[in-house]
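Reader: I am new to this structure. Please take a close look at one part of it, the side-chain contacts, and say where they sit in the whole.

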Amino acid sequence: MRYRLTFVVGLALGYVLGTRAGRERYEQLKKTARQVAQNPAVRNTAESAAQQGRQFAGKAYHVVSERVGDHVPESVAGRVRSLRERNTNGVVADDDWGTSNT
């Protein structure tokens, strides 16, 4: 499904960039895309897909954690634990990865 979606997006982008219809056709396509994106059915489907993705990622995390076990260096395990705690508590704290929250 992901490859099909990528193909369709690429096809649409190629059409927009390669069309000779000009700015008017581009604006029409943009308006249609905006209408589709604002459709409640599309938004609900996208949110459902995102929620399923989060659930799948959580399950995958637990499976990997069980299999990897103590094979991960303590420095990495500590960072992962701190990130998990930060995400579950909803508190955004400074991390020690050298990244910013912006």
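Author: What follows goes from the whole model to the side-chain contacts.

This is a predicted model, in which local features need pLDDT of at least 70 and side-chain atom pairs count only at pLDDT 80 or more, while totals for chains, interfaces and linings use all residues. Residues are numbered from 1 along each chain as its sequence is written, and side-chain values use heavy atoms, with hydrogens and water left out.

The mean pLDDT (the predictor's confidence in each residue, from 0 to 100) is 78 for the protein, and 79% of its residues reach 70 or more. Helix H3 has the highest confidence, with a mean of 87, and H4 the lowest, with 74. Where pLDDT is low, the predicted coordinates should not be read in detail.

The protein has four helices and zero strands, in the order α-α-α-α. Both kinds of element are DSSP runs numbered from the N terminus (helices are H or I, at least four residues; strands are E, at least two). Of the 102 residues, 1% are buried; buried means under 20% relative accessible area, exposed over 50%, and partly exposed in between, with a 1.4 Å probe and protein chains only. The accessible surface is about 9,300 Å², and carbon and sulfur atoms hold 57% of that. These areas come from the Shrake-Rupley method with a 1.4 Å probe, and for residues only the protein chains shown count as cover.

Helix H1 (residues 2-18) lies largely in the open, because the number of its 17 residues that are buried is zero.

Two salt bridges are found in the whole structure; the term means a side-chain nitrogen of Lys or Arg within 4 Å of a carboxyl oxygen of Asp or Glu. One joins Glu27 and Lys30, at 3.9 Å from N to O. These residues are three apart in helix H2 (residues 23-38), so about one helical turn separates them. Glu27 is partly exposed at 31% relative accessibility, and Lys30 is partly exposed at 33%. The other salt bridge links Glu47 to Arg54, with the closest N and O atoms 3.2 Å apart. Glu47 is partly exposed, at 45% relative accessibility.

Helix H3 covers residues 40-68. Its 29 residues reach 41 Å from first C-alpha to last, close to the expected 42 Å, which is 1.5 Å times one less than the number of residues.

Tyr61, Val72, Val76 and Val80 form a nonpolar surface patch with about 260 Å² of accessible area together. Patches take residues with over 30% relative accessible area and no salt bridge, joining like charges within 9 Å and nonpolar side chains (Val, Leu, Ile, Met, Phe, Trp, Tyr) within 5 Å. Val80 belongs to helix H4 (residues 74-89) and is partly exposed, at 31% relative accessibility.
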